[in-house]
Amino acid sequence: MIRFEDVSKSYPDGTEAVRGFTLEAPTGCTTVLVGSSGCGKTTLLRMVNRMVDPTSGIVWIDDENVAEVPPVPLRRRIGYVMQNAGLLPHRLVIDNIATVPLLNGVPKAEAHRRASELMELVGLEPRMGKRYPDQLSGGQQQRVGVARGLAADPNILLMDEPFGAVDPLVRADLQAELLRIQRELHKTILFVTHDIAEALALGDQIVILAKGARIAQTGTPQEVVAEPADSFVADFLGLGRGSLDLHLRETPTGTLVLDAHGRPAGRLVGESRTDATA
Amino acid sequence: MTWVLANLQLIGSRTVSHLLLAVPAIVLSFVLALPLGWIANRFRWSRATLLSAAGLLYAIPSLPLFVVLPTILGFGVRDRLNVIVALTLYGIALMVRSAADALASVGAPVVLSSTALGYSAASRFFQVELPLAGPVLLAGLRVVAVSTISLVTVSSLLGVDNLGLLFVDGFQRGILAEVLTGIVATVLLALIVDGLLVLLGRLLMPWTAVRR
């Protein structure tokens, strides 16, 4: 569990990135912080591994105040995945993945064995291990980034727009992979994105942020779409523009799902489950 | 050519003397310029100050420096240490800027991600920033190496043994072949050392040679 308790961050020049933020990210769940750029979501993420220290307030990991843990060991037990993967260009892929175990003094052979397992988990062929990051595609690099984040088997995974720089098809692939991995591993994931579709696809809990990291709404994807708290949330979801409004049309071959402009968005297959929360 | 063949031993010993002056100076300027470049790159006040100072250092004419330095350091004019110190100063003057630029060339995202992974500041410098600064450092070092090898010859005017003594001596005695040998040997030596540095770079930085 990660808990933000009345956390604020202001800078010497007077800008206030985060003001009085309180949130609990439950263990084993994916919590997505979603908001426009500059809303303070990355700042919040970096408070968890002390890349940023809050001006006031406390960040808890379970019952441990992170301010009381030295930053370097803290960071080594929290996975971190960032946009463009942030891989070390001078290290082979296998060494990139093994970075944290190697920093922790795990023998090289064992760290490499672990890295190979992770390559398989994230869907990378073993021969990719002997390449340099620049020899991989953007999507493959991002998979390496995820594997590296998982290498020390952390309980917590921080993901800062990890799929922001890849094309939409690859992004959808990576999102599906992350869901699959999460079903297997049950990490506590804090995921930052500005893409509402990504938030809806990945989050168990979605936190919609306005400027200064003000929480506009917290809820499951269903709750947020079914009952937007205010017009800010509705706008952010695109409800005002009709981008989430879908209609059904019967055709001789089945039922089509149409978007607000009458364009086909998909087809209806089977009965939808009744959802208790909806 | 007859002169060269008749004096192979002399050329050989002068080449060795030449290297014994140039190599320590090249190594020392690299080792000393690196922390200076780090400081120049690290603090806002220091960049302009250090880089201007380095520029001024390089503007000192070399012959007077070779003459003045011994009176400051207490060595004899022909002492090899005197020459090495002077050459090191010029090397630092060139290398500080390269070192500062090299460290600045390391991408901010890589530094950020290695911090997030849990590198301490020191291990991040030696395992991430320094290797990634490598290509620009090497480019600077190659200039320093070639310039030092050529600059060594100035000290032969004071009678210090090196390849420059061939053209000083050849000029005084009117032996054209000796003059030419001195020049060609100095240039060849610079080219060989430069080539070795490139090779060393390939070995130490294999990732720079991969096909993208």
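Which elements does chain B run through from the N terminus on? The answer is α-α-α-α-α-α-α-α-α. The legends below walk through a predicted model, starting with that chain.

**View 1. Chain B has 9 helices and 0 strands.**
Along its principal axes, the C-alpha trace of chain B spans about 65 × 45 × 20 Å. Of the 212 residues in chain B, 36% are buried. If you look at contacts in this chain between residues at least 6 apart in sequence, 70% of them join residues at least 24 apart.

**View 2. Helix 2 (residues 8-42) of chain B crosses helix 3 (residues 44-59) of chain B at roughly 135°.**
The two axes come within 6 Å. Angles over 145 degrees would count as roughly antiparallel and 65 to 115 as roughly perpendicular, so helix 2 of chain B and helix 3 of chain B end up oblique to each other. On the helix 2 side, the meeting residues are Leu36(B), Ile39(B), Ala40(B), Asn41(B) and Arg42(B). Helix 3 answers with Ser46(B), Arg47(B), Leu50(B) and Leu51(B). Sorted by type, the residues of this helix 2 and helix 3 contact come to 5 nonpolar, 2 polar and 2 charged.

**View 3. The largest nonpolar core has 120 residues.**
Ile97(A), Leu87(B), Val96(B) and Ala99(B) are the ones with the most contacts inside this core. Helix 5 (residues 80-104) of chain B gives the most to the core, with 16 residues. In soluble globular proteins, nonpolar side chains tend to be buried together. Zoom in on Ala99(B) and, not counting residues up to four places away in sequence, you'll find it touching Ala33(B), Leu34(B), Leu36(B), Gly37(B), Leu137(B) and Gly140(B). Leu36(B) is also one of the helix 2 residues that meet helix 3 of chain B.

**View 4. Chain A and chain B make a contact that takes 18 residues from chain A and 17 residues from chain B.**
On the chain A side, helix 2 (71-76), strand 6 (78-82) and helix 4 (99-103) each supply at least two residues. The residues of chain A that touch chain B split into 9 nonpolar, 6 polar and 3 charged.

**View 5. Chain A is divided into domain 1 (2-243) and domain 2 (246-278).**
Taken over C-alpha atoms, the centres of domain 1 and domain 2 of chain A are 32 Å apart.

**View 6. Pro162(A) sits in the loop between strand 7 (156-160) and helix 7 (168-185) of chain A.**
Is this proline buried or exposed? Pro162(A) has 28 C-beta neighbours inside 10 Å, so it counts as buried. Leaving aside neighbours within four places in sequence, Pro162(A) is in contact with Val81(A), Met82(A), Gln83(A), Gln142(A), Gly145(A) and Val146(A). As for Leu244(A), 82 residues from Pro162(A) along the chain, the two C-alpha atoms are separated by 24 Å.

**View 7. Asp62(A) has a positive phi of about 50°, although it is not a glycine, and Asn84(A) has one of about 60°, although it is not a glycine.**
Asp62(A) is in the loop between strand 4 (56-61) and strand 5 (64-65) of chain A. With 11 other C-beta atoms within 10 Å, Asp62(A) is exposed. Asn84(A) belongs to the loop between strand 6 and helix 3 (93-97) of chain A. Asn84(A) has 18 other C-beta atoms within 10 Å, so it is partly exposed.

Note on methods
Residues numbered from 1 in each chain as written. Chains lettered and ligands numbered in written order. Predicted model: local features only at pLDDT ≥ 70, side-chain atom pairs only at ≥ 80, totals over all residues. Axes fitted to C-alpha atoms, helices over the stretch in contact; angles between N-to-C directions. Helix = DSSP H or I, 4+ residues; strand = E, 2+ residues; numbered from the N terminus. Parallel < 35°, antiparallel > 145°, perpendicular 65-115°, else oblique. Contact = placed C-beta atoms within 7 Å. Nonpolar A, V, L, I, M, F, W, Y, C, P; charged D, E, K, R; others polar. Domains from an automatic or database assignment. Core = buried A, V, L, I, M, F, W, Y, C linked by C-beta atoms within 7 Å. Buried ≥ 20, exposed ≤ 12 C-beta atoms within 10 Å, placed from the backbone.
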